[in-house]
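The notes follow in the order in which I checked them.

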Amino acid sequence: MLARLAHKRIVLGVSGGIAAYKSADLIRRLRDAGAEVQVVMTAAAQEFITPLTLQALSGNPVHTDLLDLAAEAAMGHIELARWADLVLVAPASADCLARLAQGVANDLLTTLWLATKAKLSVAPAMNQQMWAAPAVQSALAVLRTRGVAVFGPASGSQACGDIGEGRMLEAVELADRCADQFETAALTGKHVVITAGPTREALDPVRYLSNHSSGKMGFAIAQACIEAGARVTLIAGPVNLPTPDRLARINVTSALEMLQAAQTATADADIFIATAAVADYRPRDAADQKIKKSADTLTLELVKNPDIVATIAAAERRPFVVGFAAETEKVIAHAREKLVRKKLDMIACNDVARSDIGFQSDDNALTVIWSDGEQTLEKASKSLIARQLVALIAQRIKARL
Ligand code: C5P
């Protein structure tokens with residue numbers, strides 16, 4: 001379960017309460033599970049535990065001030081808000097819960113809370129009588145209706161001597177609850193190498209042969225693999241797409257460069273997914289100078305490019321290899337033939353005769369085929385299709401073990 005935390009980014013908000021000492025242990029547990037942790041402390045929290053302690057445990061500077069120029073220059077509140085996959089406020093004091101519910105933005109933590117798209121969660125901690133107070137319960141009700149996950153509290157003896165509900169959950173339990181917020185750990189510990197986009201084959205210094213591949217499907221798969229906990233190397237041809245967070249991107253231009261990058265990157269890979277639309281041929285010799293216009297016709301001599309996915313599949317130490325096939329007719333039959341000929345473990349095929357999916361579109365539909373099975377992924381956004389494909393890959397790898 002904790003494996004779901006691999007590579008996840010957690011902002012831990014610490015507000016003022018005696019339970020703040022448990023946050024120190026929580027940071028350690030989150031990091032042991034592979035998460036990155038940035039700590040934000042309220043002013044009251046610093047009365048209970050020092051920023052230095054949490055800084056040492058998180059391995060990152062602790063954030064305390066909204067209006068500190070130096071801190072904002074390093075990682076501002078908006079950057080921190082964008083960075084997070086999950087914000088957990090633990091302990092969440094009565095005062096902090098009230099401010100979060102009200103949308104008051106009078107310090108770094110509450111401002112960041114409003115500025116993030118991350119999943120939100122709180123671990124309340126307070127005296128049992130305060131916990132029972134209608135104002136606290138209505139703040140919680142508001143937070144719950146907004147989709148905030150509420151972890152605990154537990155009941156038992158309290159620092160103030162009371163017995164009752166209001167103790168913050170233990171660190172080990174909070175780490176589990178954080179992991180629950182993420183859906184999959186299907187590829188935790190795996191190194192996935194993905195090729196994406198078109199290649200460009202130079203004719204001369206200013207011209208090239210290429211195709212309309214946008215790279216969107218490969219980038220969506222890279223994103224889905226990261227969400228599933230994998231380490232990802234994305235080998236991209238010339239595309240106009242931002243690099244997803246947390247992956248190593250290698251930019252290449254030609255098929256030969258893509259092959260070289262793929263061979264190097266797959267040396268320690270567990271999975272290779274070839275979504276690139278590699279040019280089948282390249283000009284025999286790229287001219288050193290711009291080709292001048294002269295005769296009415298111009299003949300180009302092309303030579304075949306190496307098949308990247310087949311080369312990786314034929315390697316001695318081969319990863320699990322997934323190819324793509326874009327077909328306009330007899331889609332399944334052609335894809336099955338390719339699966340066998342290229343010695344792939346799985347092939348995902350698109351019907352490119354359909355104009356509503358494929359190349360430049362944000363949607364796709366795939367039929368995924370392996371030696372003794374197949375599954376259709378109905379038309380959906382490329383990111384949803386990517387997640388379904390990743391789940392299928394993980395299933396097949398597990399079935400082979
Ligand atoms: O043979 P075809 O080009 O249809 O095969 C498509 C699959 O093979 C895709 O996975 C594509 O990324 C891969 N491919 C490759 N190197 C090539 C041609 C195709 O890796 N030179």
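I began with the ligand and found one of its nitrogen atoms 2.8 Å from a polar backbone atom of P306, which I list as a polar contact (a pair of N or O atoms within 3.5 Å). Before going on I noted that this is a predicted model, in which local features need pLDDT of at least 70 and side-chain atom pairs count only at pLDDT 80 or more, while totals for chains, interfaces and linings use all residues. Residues are numbered from 1 along each chain as its sequence is written, and side-chain values use heavy atoms, with hydrogens and water left out.

I then found a ligand nitrogen atom 2.9 Å from a polar backbone atom of I308, and a polar side-chain atom of K338 at 2.4 Å from a ligand oxygen atom. Of the 450 Å² of accessible area (Shrake-Rupley method, 1.4 Å probe) that the ligand has on its own, the protein covers 86%.

For the shell I took residues with a heavy atom within 4 Å of the ligand; among them are A274, V278, D307, F324 and K342. By class I recorded seven nonpolar, two polar and three charged residues in this shell.

Turning to the cysteines, I searched for disulfides (pairs of cysteine sulfur atoms within 2.5 Å) and counted zero. Why is C349 too far for a bond? Its sulfur is 19 Å from the closest cysteine sulfur, which belongs to C225.

Note on methods. Polar contact = N/O pair within 3.5 Å; in protein donor to acceptor, adjacent residues only side chain to side chain. Nonpolar A, V, L, I, M, F, W, Y, C, P; charged D, E, K, R; others polar.
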